[in-house]
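These are my notebook entries on a structure that I examined in its sequence and coordinates. I began with the charged pairs and then turned to one helix and a few backbone angles.

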Amino acid sequence: FAPVEYFGVELSEHDLRRYSAKRGVSDHITIWEALTFLVCVRVWLVSSATPQVIRLKSDSLGALRAMMKLSSPNRFLNYIAMEVAHHVALEDIDTSCLGHIPGDSNVVADSLSRLYSPAPKSVPDCLAKAKRIHPPERTPEFYRIWNRRPTYK
């Protein structure tokens, strides 16, 4: 199959603050992988009357595990999993079709994740005919569950 759309985004100051991260520090890679999964759900899955199956392949076992279980001992992964679980519950999404790709063969995703790095990679040739989209910035409004407070009357 040929990709139709793709995205590559730079981590924003909102992202760095929300996840207590610093630019250029690799400690949060698993969180960024999981956040990418959430962005994909928000951008490409639409509400429908029929169940939808997510087929995601990643080189991040930690992110895959958290998205499959929809929970994690890591608080930030758990917050992202809560957001995905919200979609699973409301939109009848099946997240059981997640698979691992060895890191050295994940060339396209690796290139897209480094579009804004100090030594940027270019968009892979296989995406030449695909449309580049621009997902919403992950401002506080992006998160539907995290930090939501119940209201009582």
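This is a predicted model: local features need pLDDT of at least 70, side-chain atom pairs count only at pLDDT 80 or more; totals for chains, interfaces and linings use all residues.

I took a salt bridge to be a side-chain nitrogen of Lys or Arg within 4 Å of a carboxyl oxygen of Asp or Glu. I numbered residues from 1 along each chain as its sequence is written, and side-chain values use heavy atoms, with hydrogens and water left out.

**Entry 1. Salt bridges**

I noted the general point that side chains of opposite charge can pair when their charged atoms come close. By the rule above, I counted five salt bridges.

I looked up Lys121 and found its side chain in a salt bridge with Asp110, at 2.9 Å from N to O. Lys121 is in the loop between helix H5 (107–113) and E4, and Asp110 is in helix H5, so the pair ties together parts 11 residues apart in sequence. I took helices (H or I, at least four residues) and strands (E, at least two) as DSSP runs, numbered from the N terminus. Asp110, Arg114 and Lys121 are linked in a network of salt bridges.

For accessibility I used relative accessible area: buried is under 20%, exposed is over 50%, and partly exposed lies in between (1.4 Å probe, protein chains only). Lys121 counts as partly exposed because its relative accessibility is 37%, and Asp110 counts as partly exposed at 22%.

I next examined Arg138 and Asp15, whose side chains meet in a salt bridge at 2.6 Å, N to O. Arg138 lies in the segment after strand E4 (131–132) and Asp15 in helix H1, so this pair ties together parts that are 123 residues apart in sequence. Both Arg138 and Asp15 are buried.

Arg23 forms a salt bridge with Glu13, with the closest N and O atoms 3.1 Å apart. Arg23 sits in the loop between H1 and H2 and Glu13 in helix H1, 10 residues apart. Arg23 is partly exposed at 44% relative accessibility, and Glu13 is partly exposed at 45%.

**Entry 2. Helix H4**

Which residues of H4 are buried? I found Phe76, Leu77, Ile80, Ala81, Glu83, Val84, His87 and Glu91 to be buried. They lie on the same side of H4, because they cover an arc of only 155° around the axis; the arc is that of the directions from the helix axis to the C-beta atoms. On the other side of H4, Ala89 and Leu90 are exposed. What covers the buried residues includes H1, H2, strand E2 (52–58), H3 and strand E3 (93–100), where contact means heavy atoms within 4.5 Å.

**Entry 3. Positive phi angles**

Ser20, not a glycine, has a positive phi of about 50°; its place is in the loop between helix H1 (13–18) and helix H2 (29–44). Leu70, likewise a residue other than glycine, has a positive phi near 60°. I located Leu70 in the loop between helix H3 (61–69) and helix H4 (75–91), and Leu70 counts as partly exposed at 22% relative accessibility.
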